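Here's a quick tour for anyone meeting this structure for the first time. Have a look at it, then read on.

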Amino acid sequence: MIKKISITTGDTDGIGLEVAAKALYELKKSRDIQFILWRAHDVNPKYLRLLKDSWRPRQVTSWEEALRDQKAGLIDLASDLLPPQWVELSAQAAFKKEIHESI
């Protein structure tokens, strides 16, 4: 069973994506862990390149699509929703046991 962890990057003007990308870059891939990275569309491409170089993320267009994906690795979810909604949906999914953790 794959352990799913949702990462919300927060405000588009904040440092959330930078911190998440650098942390993920340092992590080694695991066959039983999947990270779902919530982010805005208009982010610094520098951090997306860092993720692409180390993880080869799969891009999805919706939270539902991310939850259906059953492969380990990194899912890149560029969302039109507001960052507080990312947190709310992640918390609801954890409560329903659709994911294991939300950070």
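You'll find Q92 in helix α4. Keep in mind that this is a predicted model.

- α4 is made of 13 residues and spans 19 Å from first C-alpha to last, close to the 18 Å expected at 1.5 Å a residue.
- Three of its residues, W86, S90 and A93, are buried.
- Those three cover an arc of only 60 degrees around the axis, so they end up on the same side of α4.
- As for what covers the buried residues of α4, the list includes β1 (3-8), β2, α3 and β5.

- After α4 comes K97, with a positive phi near 65 degrees, even though K97 is not a glycine.
- K97 belongs to the loop that runs between α4 (83-95) and β5 (101-102).
- Its relative accessible area is 71%, over the 50% cut-off, so K97 is exposed.

**Another positive phi: R56**
- R56 isn't a glycine either, yet its phi is positive, near 55 degrees.
- Look for R56 in the loop between α2 (45-55) and β3.
- R56 counts as exposed because its relative accessibility is 70%, and the cut-off is 50%.
- How far apart are the C-alpha atoms of Q92 and R56? They are separated by 27 Å, with the two residues 36 apart along the chain.

**The largest pocket**
- The largest pocket holds about 180 Å³ of space.
- It is lined by 16 residues, and T61, S62, L77, A78 and S79 are the closest to its centre.
- Which elements give two or more residues to this lining? They are β2 (33-39), β3 (58-60), α3 (63-68) and β4 (73-78).
- β4 gives the most, with three residues.
- By type, the lining splits into seven nonpolar, five polar and four charged residues.
- Two of the elements here, β2 and α3, have already come up: they give residues to the pocket lining, and they are also among what covers the buried residues of α4.

Definitions and conventions
Residues numbered from 1 in each chain as written. Predicted model: local features only at pLDDT ≥ 70, side-chain atom pairs only at ≥ 80, totals over all residues. Heavy atoms only, no water. 1 Å grid on protein atoms, 1.4 Å probe; cavity = no way out; pocket = protein on both sides within 12 Å on 5 of 7 lines; lining within 4 Å. Points joined across faces, edges and corners; volume = space filled by probe spheres on them. Helix = DSSP H or I, 4+ residues; strand = E, 2+ residues; numbered from the N terminus. Nonpolar A, V, L, I, M, F, W, Y, C, P; charged D, E, K, R; others polar. Buried < 20%, exposed > 50% of the residue type's maximum accessible area, 1.4 Å probe, protein only. Expected span 1.5 Å × (residues − 1). Arc of directions from axis to C-beta. Contact = heavy atoms within 4.5 Å.
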